[in-house]
Each structure stands twice: as C-alpha cells, then as structure tokens.
Amino acid sequence: MSATPQTPAPYGARRLTPSDIRARKGGTPVVCLTAYTTPMARLVDREADLILVGDSVGMVLHGMPSTLGVTMEMMILHGQAVARGVERAALVVDMPFGSYEETPAQAFRNAARLMAETGAQAVKLEGGLHMAETVAFLTARGIPVMGHVGLTPQSVNALGGYRVQGRGGDAARVRADAAALAEAGAFAVVLEKVPGTLADAITAEIAVPTIGIGASAGCDGQVLVIDDMLGLFGDFRPKFVRRYAELGESAAEAIAQYAADVQSRRFPAPEHVFASEAPGTGGLTGRSTAPGKAGS
C-alpha cells in the first residue's frame, strides 16, 4: 500500500495550544498519545488533543534499557519529525534527563532550544516540589510546562524501580508534588502509576488538568505510549496498558510471508517487474517524485 501525503493545513489554521488544554479542566477528557515519527504523528493527530514526543523514544525506538541515556539531540530529531506530521494537536516535547535539573537557567536554555528547533508549543519535565521553582522560572519567561509526578522514569534508580508511587504514607508526597507544580504554573500534570483514589483526590484538588497513565479514569485526560497501545513493543504488557491492536503479531506474520515468497521466488511476481521495452523512472528513487511509490 502506498502512503498518502497529508495535505498541509491552511495558513493560520487553528492549532490547539497549552492554554486550550488547561481550559479542559473538568470537561471532555484530554486525549494524549506519544509519537516519535512523522507517519505516526499524522495518524495520531487525527484524534489526539495533545501529542507527546516522550523520552520513552529511547526505549521504544532505540532499544535503551531506560530513558536515562536519551539526549537533547535525540529529542530534537524526533521532535522535528513529529512536528512535520502535526496540524491540529498541541505538541509537547520531553526534556531529557540532565537537561533541566541543575538550575532554572539551565532548564530555560534547553527548553528554549527544544521549542525553537522543533516547533513544539511546550515542554514536559519530571519532578515535584523540588522542580516548582524551575517551572515558575520557565512559565514566567514564556515556556509552557507540563509537569509529571508519581512514577518519574528518569528517577527510577532513586525510586527503586518502576513501582507504584503514593501508597500509604507516601500519598502526601505525591499530592504535594502535584499541587506545587500546578501552583508554579504548569498547564497540566501527568500522574503516572499512582493508586486510583489518590489520582482522583489530586484531580479534585488542583486547578489544572491531570493526565493519567496508570492512574484513574477520573483524571482530566489519559496518555499512553503509542507502541504499547498498538501492540508493537514486544511482550511488554504493563497492567495499565490496554492494547487496542496487536500490530506486532501482524507485522511478524507479514515479514515471515515475505521471506517465504522471496525464498520460493514467488516475489517479485511478473506484475512487480519492469518490461524492457517500456523503461520507467525506475527503482527506489521514484520516492523523490512520487511519495509512497517505488516508480512506475
């Protein structure tokens, strides 16, 4: 099947903004998914209110064991790719580990670079009370910020693994973290892997939308990693992920069929071969003139 290029949005077409997302507090839930490439961004943009270029790209596309090795250059590269496919949704890019924790000034330099080089409308950073000063510093200087509390993957070593956060006496800490980010000016706060009752309490307490991932249906929105939701990421099946498709299995079957056809010489068939008396444009270079086609 050949790809169909997306028609560019008219000049000045209305895009959702961080302010629009903030205004959804208590309203229709915010639909959020990750994307890391232009084709996936085009698909997600049809339905999502917010697209997150997550540092999860390190694990999902680059095979890293955690998000800690993700760099600014990686986030910029994937942010640029996603931006090319987005016309409607608000676009947020994750700040990678080590790019914002040192000082608010460091965070500003790197956030400004991310936005300038990708066209993103906001950045996301992890951490609660200790990051409130940084969030206030950024928002006062025109950089919208999405917060992230609960399980913060960049702190996985300090947290002792990918464990549920906010159980028992730890609930007060997570609540305080979310409240601090909202008061500092974050336009939304991601709640990751926290008990449902705690997520509901935080959603009722803070004035900005909560975006749940492993939290509660009562949050103001939901986010999932696109590859998890589509069943593309191997056998990784977190409790909080609902798989809406099993594309990994379908892809494996298609690859196996292709291999069998090549080995048995069923592919290429006559209809895939160019006739010598009617030379065409030829080969894979046809993509440069006809996107999605290999020549005619």
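This is a predicted model: local features need pLDDT of at least 70, side-chain atom pairs count only at pLDDT 80 or more; totals for chains, interfaces and linings use all residues.
Q: Which residues lie nearest the centre of the second largest pocket?
A: On a 1 Å grid over the protein atoms alone, a pocket is an open set of points where a 1.4 Å probe fits, with protein on both sides within 12 Å along at least five of seven lines; lining residues have an atom within 4 Å of a point. Here 27 residues line the second largest pocket, and Ser56, Pro153, Glu192, Ile213 and Val225 lie nearest its centre.

Q: How is the lining of the second largest pocket divided by residue class?
A: Ala, Val, Leu, Ile, Met, Phe, Trp, Tyr, Cys and Pro count as nonpolar, Asp, Glu, Lys and Arg as charged, and the others, Gly among them, as polar. This lining holds 15 nonpolar, five polar and seven charged residues.

Q: Where does UniProt place the feature "binding site"?
A: UniProt annotations may be inferred rather than shown by experiment. The unreviewed entry places this feature at Asp55, Ser56, Asp94 and Lys124. These residues span 70 residues in sequence, yet no two of their C-alpha atoms are more than 12.4 Å apart, so they gather at one spot. The lining of the second largest pocket includes Asp55, Ser56, Asp94 and Lys124.

Q: Is aspartate 94 buried or exposed?
A: Buried means under 20% relative accessible area, exposed over 50%, and partly exposed in between (1.4 Å probe, protein chains only). Aspartate 94 counts as buried because its relative accessibility is 3%. Lysine 124, at 4%, also counts as buried. Histidine 130, by contrast, has 63% relative accessibility and therefore counts as exposed.

Q: What does the side chain of lysine 124 make with the side chain of aspartate 94?
A: A polar contact is a pair of N or O atoms within 3.5 Å; within protein, one must be able to donate a hydrogen and the other to accept it, and residues adjacent in sequence count only if both atoms are side-chain atoms. The side chains of lysine 124 and aspartate 94 make such a polar contact at 2.9 Å.

Technical notes: Residues are numbered from 1 along each chain as its sequence is written. Side-chain values use heavy atoms; hydrogens and water are left out.
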